[in-house]
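Hi,

Here is the structure I promised to pass on. Have a look at it first, and my notes follow below.

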Amino acid sequence: MSQLSQRPEYDVCIVGSGAGGGMAAYVLTKAGANVALLEAGPEWYSTRDSKMLVPAYASPRRGAGSREKPFGEFDGCIGGWDIEGEPYTTAPGTKFSWWRARMLGGRTNHWGRISLRFGPDDFRGKSIDGLGDDWPIGYDDIKPYYDEVDKLIGIFGSNEGLRNNPDGIFQPAPRPRCYELMIKQACDKLDITCIPGRLSILTRPLNGRMACHYCGQCGRGCQTNSNFSSPGVLIKPALDTGKLTLITGAMAREVTIDKNGIATGVTYIRTRDGTEQHVRARVVVLAASAFESARLMLNSKSALFPHGLANSSGIIGKYITDTTGAGLNGFIPKMVNRMPHNEDGTGGNHIYMPWTKDNKKLDFPRGYHIEVGGGFDAPSYGFMGGIQRYPNAGGYGKSLKDDYRRYFGASVGFAGRGEMIPNDDCYCELDPKVVDKYGIPVLRFHWKWSDHEINQAKHMQETFHSIVAEMGGEVFSPMPTREREYGLAAGGTIIHELGATRMGNDPTKSVLNKNCQAHDVKNLFVADGGPFVSQADKNPTWTILALAWRTSDYITQQRKAGAL
């Protein structure tokens, strides 16, 4: 005990350095707190470590993916669905894949920067259609934080006045590319709302960061710090305050508590030598990702909390969701032999289609938005796979090369991203037998889509087909059948998992209160996707950032009041 008492006691210990952890570190250090930040992976800064401008042909692998970089050799994220020595398990009959990032900044190094606010209806779904649960907060509670996130990080877009797709404080949006203009023309004829994309990529300088130079390589990590990732935009400024102690290579194992049930810090395994270490802190903020934070709480058992820390409700691990996903590619003959021209831009959509429909006459609740792809992307491994399906294409030698040139940029892709309703068949728990290489029990997943999500995927496919047809195009593959769930992606593959430590006003039905503070442990908070009550059809990162900022402000207020 004497040795423990000699260690520094931090005001706050944060576990995880992604969107939620990075924002908590930024806000709390700016407010004067001494913060320790634990990250399981190594340091990685895109301004220093990115391979943004290395051409694929310069590598013997031509940019092909690997176990730790499944999205390509130059992808800016270290992690994946299969991490050596860190397994997870699935219940019989379950299809579920769990993506983990292992590096400073976590998944903010791997995403499309599509940054969407939840709308007013997204916080009160049960009141509208009777499904799921309402949030304990509404849009007006979080709007000021969305505004601050817009101003701090930067986002482009356009104010459209769409009721459940709130506007923001936008920088100018880039012009649509050629194929995107053609998609918009088709959508206008089909009465499908199509507006400029909303991405956290600078089109104007902001807070010492440069505007995007439109190389289109955001996925590799931005060397000019023009797009958002946590290390360059949140953690570096937090370090500059002198208030942040960054501890990388730290795999969190347990939140420790005292005899009164108050959190006292976090025990972690130092990955380079396997030794057990402990950080003392007056407040603990978990931001390790929705399911990793739940795992940590379930593994933090004690006489006071035999079923996991702050789990008197038994809700930890329940009500988990992932975004629904289905996709389709279409061949557009009028785009064959296009004049080569510069179609560079941001590393994502310059347009997107938000959900604006009325579900009353549809056979599924809630909605989805559509993301698009296509154009003259820089070729990499797997470029134009399946060219033999194009008219009179394929073969060998010069004729094959000519076909690649002729059909380059002549296809478009659509990806639907929609809302899943939480159900009782989807949850995670500790596997009673399996541990990871650090000796920490792993998660076991249970998963089952309901008819809501399957019917939604069917509607996605029908919409994609209608757009391709309006563009005069052709789809080479037949539409997936009901038996194939209309092409609905397996759980976890869209990498938007949420829930497991949801917030609510009733301590018997939720883990956290409306400030993301544990009902059972007053100095324990969660600042990742875990507190989400529902999914919405919007990508969750902007809401994770806004909620983390709101929670950090609450912690600061409570510390000043002497309550923490």
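Predicted model: local features only at pLDDT ≥ 70, side-chain atom pairs only at ≥ 80, totals over all residues.

Let me start with helix H9: the face turned away from its buried side carries Lys398, Lys401 and Arg405, which are exposed (over 50% relative accessible area, with buried under 20% and partly exposed in between, using a 1.4 Å probe and protein chains only). Helices here are DSSP runs of H or I with at least four residues, strands are runs of E with at least two, and both are numbered from the N terminus.

Residues are numbered from 1 along each chain as its sequence is written, and side-chain values use heavy atoms, with hydrogens and water left out.

Back to H9, which spans residues 397-407 and has Leu400, Asp403 and Tyr407 buried. Looking down the axis of H9, the buried residues fall within an arc of 55°, so they line one face of the helix (the arc is that of the directions from the helix axis to the C-beta atoms). Those buried residues pack against strand S11 (324-331), where contact means heavy atoms within 4.5 Å. Just after H9, Gly409 takes a positive phi of about 80°.

Next, a sheet. It is open, with three strands in the order S4-S16-S15 and mixed pairing; two strands pair if DSSP finds at least two bridges between them. S4 (89-90) and S15 (427-435) stand at the edges with a single partner strand each, so one side of each has no neighbour in the sheet. S15 and S16 (residues 441-446) run antiparallel and are joined by five bridges; the partner of Tyr427 in S16 is His446.

Then there is Val15, in strand S1 (residues 9-15). Val15 is buried, at a relative accessible area of 6%. Leaving aside neighbours within four places in sequence, its contacts include Leu38, Ala252, Val266 and Leu296. Val15 also sits 9.8 Å from Tyr268, C-alpha to C-alpha, though the two are 253 residues apart in sequence.

As for the whole protein, there are eleven helices and 17 strands, and 57% of the 564 residues count as buried. The C-alpha atoms fill a box of roughly 80 × 50 × 45 Å along the principal axes. Among contacts between residues at least 6 apart in sequence, 71% join residues at least 24 apart.

Cheers
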